[in-house]
Amino acid sequence: MTVTSSENGGAVTFLIEGRIDTTTAPEFEKEIIEKASAYDSVVLDFAKTEYISSAGLRVLLSLYKIMTKKGGLKIVNVSDMIMEVFEVTGFKEIFSLG
């Protein structure tokens, strides 16, 4: 998994490439949570995200809790497969998806 970020004022966009699973979730959490806390809003670009496990969903939920106190969190370019995971888990109702 690779995470690249780009800043735009008080917002940051993270492009996540690869799989967010039990092996990569701790690295994903460390990188995203630390950096995201410095911004008012966060966009996660899932255009190149292949898979997300329950460990990855836990990280998203942690980030969501942090960002709702600020400007918010949006997830964009979600594949059909990952969207199905969001639907089954109820995350589709929680997150702003675009």
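**Sheet, helices and core**

User: Which residue of β2 is the bridge partner of V3?

Analyst: In this predicted model, V3 has I16 in β2 as its bridge partner.

User: What makes β1 and β2 a pair of strands?

Analyst: Pairing requires at least two bridges between two strands. β1 is joined to β2 (residues 11–20) by 7 bridges, so the two count as paired. They run antiparallel.

User: In what order do the strands of the open sheet stand, and what is the pairing?

Analyst: The order is β1-β2-β3-β4-β5, and the pairing is mixed.

User: Why are β1 and β5 placed at the edges?

Analyst: β1 (2–8) and β5 (96–97) each have a single partner strand, so one side of each lacks a neighbour in the sheet.

User: Which residues touch the most other members of the largest nonpolar core?

Analyst: That core has 28 residues, and those with the most contacts to other members are F14, V42, L44, F46, L60, L63 and F86. At least two core residues come from each of β2, α1, β3, α2 (54–67), β4 and α3. α2 gives the largest share, 6 residues.

User: Which residues does L63 touch, leaving out those up to four places away in sequence?

Analyst: L63 touches I32, I33, A36, V42, L44 and L73.

Conventions. Residues numbered from 1 in each chain as written. Predicted model: local features only at pLDDT ≥ 70, side-chain atom pairs only at ≥ 80, totals over all residues. Heavy atoms only, no water. Helix = DSSP H or I, 4+ residues; strand = E, 2+ residues; numbered from the N terminus. Core = buried A, V, L, I, M, F, W, Y, C linked by side-chain atoms within 4.5 Å. Buried < 20%, exposed > 50% of the residue type's maximum accessible area, 1.4 Å probe, protein only. Contact = heavy atoms within 4.5 Å.
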